[in-house]
Amino acid sequence: MCGPVDVHDTFGRPLRNLRLSVTDRCNLRCAYCMPEEDYVWLPRADILDFEEIARIVDAFTDCGVERVRLTGGEPLLRRELPELVRLLAAKPALRETALTTNGILLAELAADLQAAGLTRVTVSLDTLRPATFRVLARRDGLERVIAGLQAARQVGFIGTKLDSVVLRGTNDDEIVSLLQFAREIDAELRFIEYMDVGGATQWSPTHVVPRAEILERVASAFGTPVPVAGDGSAPAERFLLPDGTTFGIIASTTRPFCGACDRGRLTADGRWLTCLYATHGRDLRGPLRAGATRAELAALIRGDWGARADRGAEERLAAHARGAFADREALRSNPHLEMHTRGG
Ligand code: SF4
């Protein structure tokens, strides 16, 4: 099999990163992602098994994908996940197999994930207060997340990142303490602006703490942050503090970064999405289970990416009277619109 044949979209963006959801289920109900009481779940029979995922990933690497990030829902709910990590980590075309988790199950699985070849872990941590954790996630579990971070460190994961979605009036008063905590555990914190994506049915601009304000608050506590040059396609803008601490801001709501976006998404049932705000996507499970070859799958992926013109967050920013991206009825009739189905 010859090497990958890069494909570029209509803005010249390559396909380098694949966010791969391995389940739409989650053991938390975060207010900015799953605020509703009940959900329409993907049929279990449609969920790709590990061998199917590995075959689809091969086709993506033939189109230029070099990094895979395992997401959900909550990916650690997927049984035997280290086996999938082992399959992916063995692929020479992949430079990185990473994971984004809410950390609730990380303490139990950190050693197996590390041994299986997982490269890096990102843990969602929006608060250090148990009461706020319960308000935000509508479950308890803060101490398990902290234990998960300690376990990740003990088994030798480096370059761990923390993702904190900042909601005005809920956890925005923890911007400083979260940054101090990240520094203590040698992780890099990224503040995430509250996004009006998929399941965020309660989204309102009044709850958004914009990038500029986050920078002001950090500066008043730690001194002036200095921008750090990045590879341009990474969603987080990075900054350096006078004491050497680095942190990031993912400002998709007020300062979208679609210009260099090289990320595609695959849902747990094989729906290929070229943008977080894409409303449809392409079903790859059907052709895969109908016997499509690696080259035929790659041709479908290459075709869609080549025609890609997505700049979803920029269009949302330009939209007047901005509200939630999809209402409850739309989400129930098309669960692929949900954030927890498309892996954030
Ligand atoms: S909104 Fe779409 S195009 Fe823009 S950065 Fe996100 S995934 Fe990429």
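Welcome! Of the 13 residues around the ligand, those that come nearest are C258, C261, C275, L276 and A313, where near means having a heavy atom within 4 Å of the molecule. This is a predicted model, in which local features need pLDDT of at least 70 and side-chain atom pairs count only at pLDDT 80 or more, while totals for chains, interfaces and linings use all residues. Residues are numbered from 1 along each chain as its sequence is written, and side-chain values use heavy atoms, with hydrogens and water left out.

**Around the ligand**
- β10 and α10 (312-318) each supply at least two residues of the shell; helices (H or I, at least four residues) and strands (E, at least two) are DSSP runs, numbered from the N terminus.
- The shell divides into seven nonpolar, one polar and five charged residues. Here Ala, Val, Leu, Ile, Met, Phe, Trp, Tyr, Cys and Pro count as nonpolar, Asp, Glu, Lys and Arg as charged, and the others, Gly among them, as polar.

**The sheet**
- Twelve strands make an open sheet with mixed pairing, in the order β7-β8-β9-β6-β5-β4-β3-β2-β1-β10-β11-β12.
- β7 (226-228) and β12 (282-283) stand at the edges with a single partner strand each, so one side of each has no neighbour in the sheet. Two strands pair if DSSP finds at least two bridges between them.

**Strand β10 and its partners**
- Strand β10 (residues 263-266) is covered on both faces: R263 and R265 on one side, and G264 and L266 on the other, are all buried, meaning under 20% relative accessible area with a 1.4 Å probe and protein chains only.
- Strand β1 (residues 17-21) runs parallel to β10, joined to it by four bridges, and L20 stands opposite L266.
- Strand β11 (residues 271-273) pairs with β10 in the antiparallel sense over two bridges. L266 has W272 as its bridge partner in β11, and R265 stands opposite L273.
- Four residues lie between β10 and β11 in their hairpin, and G270 in the turn has a positive phi of about 85°.

**The second largest pocket**
- This pocket has a volume of about 280 Å³, the volume being the space filled by probe spheres set on grid points joined across faces, edges and corners.
- On a 1 Å grid over the protein atoms alone, a pocket is an open set of points with protein on both sides within 12 Å along at least five of seven lines.
- Its lining, made of residues with an atom within 4 Å of a point, includes V22, D24, R44 and R79.
- By class, the lining has four nonpolar, one polar and five charged residues.

Definitions and conventions: Buried means under 20% relative accessible area, exposed over 50%, partly exposed in between (1.4 Å probe, protein chains only). On a 1 Å grid over the protein atoms alone, a cavity is a set of points where a 1.4 Å probe fits but cannot get out, and a pocket is an open set with protein on both sides within 12 Å along at least five of seven lines; lining residues have an atom within 4 Å of a point.
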